[in-house]
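Have a look at the picture before you read on.

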Amino acid sequence: MNLLLSTLVVPLLTAAIGGLGGPRPFKDATMAGGLALTFALCLATAKQFLDGGIPSAFGDALRVDGLSALVLVLGGFVGLLSGLYGIGYLRRNEARGLVTPRMRREFYGLIPAYVFAMLLVSVSNSLGILWIAVELTTLASVFLITFHDTDTSLEAAWKFLVLGSLGLAFALLGTVLMFASGRGSLGEGMGALQWTRFMQVAPELHPFTLRLGVVFALIGYGTKAGLAPMHTWKPDAYREAPSPAVVLMAVGMVNGALYCLLRIHLISGASLGPEFSEGLLLTLGLLSVLIATPFVLIQWNVKRLLAYSSIEHVGIMAIGVGLGAQAAVFGALLHMTYHSLAKPVALFSAGTLAQLHSSSNFDRIGQGTFTRAPVTSALFVLATVIITGSPPFGLFFSEITILRAGFSGAHPTATAVFLAALIVLFCGFAYQVGHLVLGPPRDPADRRKPQPERFDAGMATVIAAAAIAVVSAFYLPAPLMALIRAATHVVWSRG
Amino acid sequence: MTSAMQDGLLAAGAALLQAGGLLALAPLLKTVIKKMKARLQNRQGPPLLQGYYDLAKLLRKEPVRSDVASWVYVAGPRAYFAAAVAATTLVPVVFAAAPLESAGGILLLVGALAFGRFALATAALDTGSPFGGMGASRDMTIAALAEPALMLGLFASALAAGSMNLGVLVRTLVQEGVTRHPADILAFAGIFMIVIAETGRIPVDNPATHLELTMIHEAMVLEYAGPDLALVEWASAVKELLYFTLLVDLFLPVGIATSTAPAALLVGIVAWVGKVFVLAIAVTIVESTNAKLRLFRVPELVSISLGLAFLALAIRFL
Amino acid sequence: MTANVLILSAAGMLVSAYLMVGQKALFTTIRLYGLQSLLLAIVATTMAISESRHELLVTAALTVVLKTILIPWFLMRTVDRIGIQREVEPFLNVPVSLLICLGLTVVGYRVSSGFEEGTQQVTHHLIGVALSLLLIGMFLMVTRKKAITQILALLTVENAVFLVAVGVTTGMPLVVEFGIAFDVILAVLVLGILVQRIVGRFESMDVSRLSNLKG
Amino acid sequence: MDGLVAVGVPLALAIRLVSVVATLMLVRHARACRWVALGASIAASVVTAAVAVHVIGSTSSIDGTLFRHAASETVLGYSVTPLSAWFLTTLSLIAVPVALYSTGYFAHAIAPPRMAAVGAALNAMVGGLEVVFVADGVIAFLCGWEVMTLATAALVATEHESRASRRAAYLFLVMSHVGTGCLLAGFLILGSVAGSLSFAVILSGHVVSGSMRSGVFALFFIGFGVKAGLIPFHVWLPEAHPAAPSSVSAFMSAVLITAGIYGLFKVCAFGLGPPDVNWALAFMSLGTLSAILGVLYALTQTDIKRLLAYSTIENSGIMALGLGAAMMALAHGRHTLATVAVAASLMHVLNHAIFKSLLFLGAGSVVMATGTRHIEHFGGLMRRMPWTGLWFLIGALAISGLPLLNGFPSEWLTFQALLQGFTSTPGLVRLNFPLTAALLALTSALAAACFVRAFGISFLALPRSPAASEAHESPAVMLVPLGFLATLCVVLGLFPGFVLRALGGVTASLPGLQPPAAMMWGGLGMSSALTSFDHVAPVMFGLAFVGGLIGSAALTGRRAVAVRQAPTWGCGGELTPRSEYTATAFSKPVLMIFGAVYRPTRQVDAVAEVSPYFVHEIRYRAEIEPTFERYLYRPLLRGVVRMAGGMKVLQAGSLHAYLAYVLVLAVILLMWLGGTT
């Protein structure tokens, strides 16, 4: 069976089995095993690509080039992480009798399903399938957001779904228009919507139609990526969804949406010249970073805090691509990689803290968690240090690569603004995290006593992830570097 | 016996001689000023040797020390004394070279005096008596204000001669017979005011009073008795004489001996005594014609001298 | 002839959208949506016949089945079950809304003039209508407070997209076509489920009350 | 030995890294943590010292690679230049006694659960600082810089239960990051012009020119000024230094601020080409301002550690103004003069590090013994902690710039630079020099007053609180480092010539400097560039001083009369601690004379119970206005917070608003597109 297909089928099967029900150990085993296998298959696919092959299926409707391979591997990685953490997470909730059978089925079904959709995004070569896959992630996340079935979770889900569907409508319109711009040249049938085909006939595309299409597609997929001003669903969704799912959104959906944006950007670049979409990406990216800044300063909830951080990071990647320099593009993809490695640590540790205090609001958690849950707090602080791009950790290197390219490139002023925003963001995070972690432990009066921290599957996962995140700053395995380079090649020289 | 060693021994001998000489004459100066003041007030005044009598008496007395105090209290006066004595070796007096001029110049001299002040002020805090603290506080404050003014004044005249080393400075002044410049008057006035302040004379301090609200130096040493007090008094006397010598060196070096010929040295001694006596008269007049300033008026006085010194620099070099 | 049919039905879709803007009764709005979809189907069929692009017939069929029958039926059922008939006062009153919609139409047409496909005015009109429809749909989403109305507005946007699809493309590949249709159904279903859960919890469909998540 | 020197820097860093990991592993065993961390620190410092001394001796720099960072295609390398070596020497000279002291101090002062964190952070901080000193490129530099900053912040927050230290840590982090941002911008601008991020290239001096050059200078000046604690970038310093554990405060005040000074040297003064007169003026004026205000604020503090922190600001100001004089000289092409000034500044870096760490460690012992940092609660400690008292006294003499101790030579050299600057620069700008000199004199005199107060009130007379009367001398392991540092104060004070000799090579390695042979006058003493201008040989003065002591002994000690102990006259009553002169009273005259600076507010309420004529008690409250906090930083902060608060409305929870954003964006883009056709 085709390696690529099996990479997609395994998570689907896992989802099916997980959705059916059955004894918990069995479900744990299937989820962990299935996602591990998925990750392994992702690696294998990437390997196949690195060995010079171009894994593909359905007559190139699914096709793996450098960019796909990178996103695929990262997706498989976070899929596995969130699966493993999820097991511990659910167990901790069950210990407190918060989990109904429905929830369990949803959980074990939706997580792998989401992983499937996520991976499908990263390998689809046909813009149509791309759209469908993104829609699937949306539907999957709706149920993950309403997982805890509270008032606020319904609200968040509604906002997410309406904004998301609107975005998807835009994306669809964009796809249609792009397709229209190539009537005649693209031809008929399955192959017509394929990105590779678009790239072949790029010069013949009708410029205005394409431009219109690109704009709509960027807005549409930008909504999924959470670029400002379409970012507004993010904080709500992140707060409500269970942490394992949040990780899938914050890394999987972000990478996936960015993948879509890049594909669109490449087509427009090949046909209209790069400036057009670069300008759009740079503007939206800068806007996102700037929007995120004040909300970090005034934030009242730890998971929303991280939502704004992910808005910031999407913005950074968009800026990297938008600066229009090879170094910056490399920086952006490096940033995507490091972000995918580091963000889970932050979300997981924050999630554990929230779980121990049965709320993610700062005023509920109180302060001085360091004395109460030292390991988790330490991990959280470490993660914050990493995701705020402090040296000597990974995101610093990617950010400085982007900044450097920016200062020497065509947009030094924009880069300076970007840098200033980064500094303020750090201060904001330092302030919030300091208040959360330090100080004498103060138990919020009106809550049940916070749980003591326990060493379980969840914490083990977090520690492992943290270790990976730290080590990766100094050593990225050669194949991964090769993937990043290949992706850069795809994005920079459109091939 | 190498020449270096000879020079060394020579310097050491000269240093001993000069230190001894100044130590010997210092008490006299104090008494002379007292006597002249008395005369101006139509009083008889103390006999000229009174200063020596006092010191002798104090040195013979039994040392009494506060039971609160630590060794710092004992060390203070000795360090003060030693600093003053060591300072004497940095200044040319009758011969146009300082015995230890190779040790340093103006900056070291000011530093040495600051060292003594630090020691005494610290020791004054050791008895726990409020007076000690009050005196120390006021003395350090006034000194802090006086020091920049003094330095600026010294710079003004030193830069004219192109050296910060008193020996070199005096020699240049004597040999090249530097033409006097209006700046010198300003600088002199500036430094003179500082000397008044530093030696605790009216209008800054009143050496004669023990009125707690006004006294500064006396308050510091209020708890001292016997030999300890003798050291302090003697050292302050030496300090005063030293300042006078400094003034005459900088602004009136005429007659200072440039060779070791007995005649020249004799002229040097006479000239020096004469010039110091003139300064003493000046101080007496200032003391008798002024009233003591309130503590917080002193900064104004000092700032005037600072201004004078700076003006001296400005008009000479611009 | 065909051109007239196309332009007329497209215009009809636009009109239906305007009526939606002016309309407050939920059932009417749903019916208007059905009508709009029907017109879309007509456009598709006309295209299919005139340009003998038979796969467009499939699109037309899908549209009729889904958007003029299934979805309206489903939504009406939801409204019935909830038993709330009228839209609450929208953020903007009708005249202002209509004025703004006029502006949006102008914008849509202005952009569509970029398709200088001189010979056939049709495309120009179709795109113009489609973009206006899109913007008006969004405007509805912005101003209307009822969850159902928002769904309808969203579906209007969807219609606009399809109008473009049938109007200017040689039709998407079938697989994609089906996938998209399927997704639309799913989306509507999920939206419907959410609406019911929201109503079940808040005893109201007024989504403007869902504003507890700030900052 | 050469082998060690070749691998010294990576080795030292490796030791620190390993110890950090090991410490964190041993989190459950406080004692083990303590020994691992501090032992490693000592070992690493010794290695570093070996390298540094070798480089200073051979005046040829040692280069190498720390590691190759594949991801960003950058190589993190190090290069121990003579300049870095000078700062490294200072670092290791302080790090060893500090670590030794800590072995005793941490046992009492750090709660066992925190030992691991503190130990790890300590090594991270020192290691980061070492990287800063040896980095040969921007990336390595920033990594070291940031590790140092974060570790320091962690150490400042050690006592994070207290609000003050949390606030201090946060303030420190924010200020540092604003600084870091400026540095990053400056470096990246240089890098983008030069096309490289290695210092060798971007600090070659002719990368940028004109107004851009001045802009970059400004960025770096702020960036490094923050770390150096120059006024007005100083506000974090008096909060952060006292908050940390005393031995860490010692290291921070003594060495950490020199990271800023190092940057000012490497980049601002010698990295951007021949300095501009205005830069030099900026240095001299801010340096003087920091010196004078620093000492004035120090003088009024009653918290011993805050007092020392402010005096750190003063001294870093002195270093800066020395460097400013050097830049002024370079701007006028006076190379020898510049050399004197640079030597003065660098010598002060070393001397200040020694006596400031001595004082901080001494203060640490006192705080540990009495359990308070409030000077008014000390008193009479000389009898209870004689050795600590003696060492602290030596430190106090040294920091007051008095001869025979090491504060004097560096201030002496600074004066030389200023005075010769006056004679050898043209035009009106020369008047800047004597003014600075006068203010420097004022500074050192005030410093003397400040430390008479600090020492006298803390150690002399009667204990002012029960805690002070029950204080005990600290263990030997804490006294030995103090003794070592005090001895250094005396030795370097008597033989500054040797320090100057070592500095010869360092100054020679800097562009545009020529150390004149005459500077090492006689080896024992020092001389300004022109021997005839001025020279000093403290050791000779020392002999004279000893002579004076002998004389005084001869005068007083000849008869064996028993000394009579008598109670101090308590003005009629019995002498109690309450009747002693307080620290506040001591600094009162200065407070009133410099009222314009302090803007003091005082409030006296007489509490009368029966009738206003029978006052029952009098409450006195006086505080000085925190000028910069109040008029510069607080408004800034308030502005930012208000802005952020205003943005809230964007995310007010209304889905309709969110949809409107998308609609507006779509319309804007569509109209823009319509325009493009």
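## A helix, a contact and a chain

This model is predicted. In chain C, helix α1 (residues 2-22) has 21 residues, and at 1.5 Å a residue they should span 30 Å; the end C-alpha atoms are 30 Å apart, so the two values agree.

Which residues of α1(C) are buried? They are L6(C), S9(C), A10(C), M13(C), L14(C), S16(C), A17(C), M20(C) and V21(C).

Next, look at where chain C meets chain D: 18 residues of chain C are in contact with 18 residues of chain D. On the chain C side, the elements that give two or more residues are α4 (94-112) and α5 (121-143) of chain C. Of the elements there, α5(C) gives the most, with five residues. The table sorts the residues of this side by kind.

| Kind of residue, side of chain C that touches chain D | Number |
|---|---|
| nonpolar | 11 residues |
| polar | five residues |
| charged | two residues |

Finally, turn to chain A. Its secondary structure comes to 20 helices and two strands. The C-alpha trace of chain A spans about 70 × 55 × 40 Å along its principal axes. With 495 residues, a compact globule would have a radius of gyration near 23 Å; chain A has 21 Å, which agrees. Of the 495 residues of chain A, 70% count as buried. Among contacts in chain A between residues at least 6 apart in sequence, 82% link residues at least 24 apart.

Conventions:
Residues numbered from 1 in each chain as written. Chains lettered and ligands numbered in written order. Predicted model: local features only at pLDDT ≥ 70, side-chain atom pairs only at ≥ 80, totals over all residues. Contact = placed C-beta atoms within 7 Å. Helix = DSSP H or I, 4+ residues; strand = E, 2+ residues; numbered from the N terminus. Nonpolar A, V, L, I, M, F, W, Y, C, P; charged D, E, K, R; others polar. Expected span 1.5 Å × (residues − 1). Buried ≥ 20, exposed ≤ 12 C-beta atoms within 10 Å, placed from the backbone. Rg over C-alpha atoms; globule rule 2.2 N^0.38 Å.
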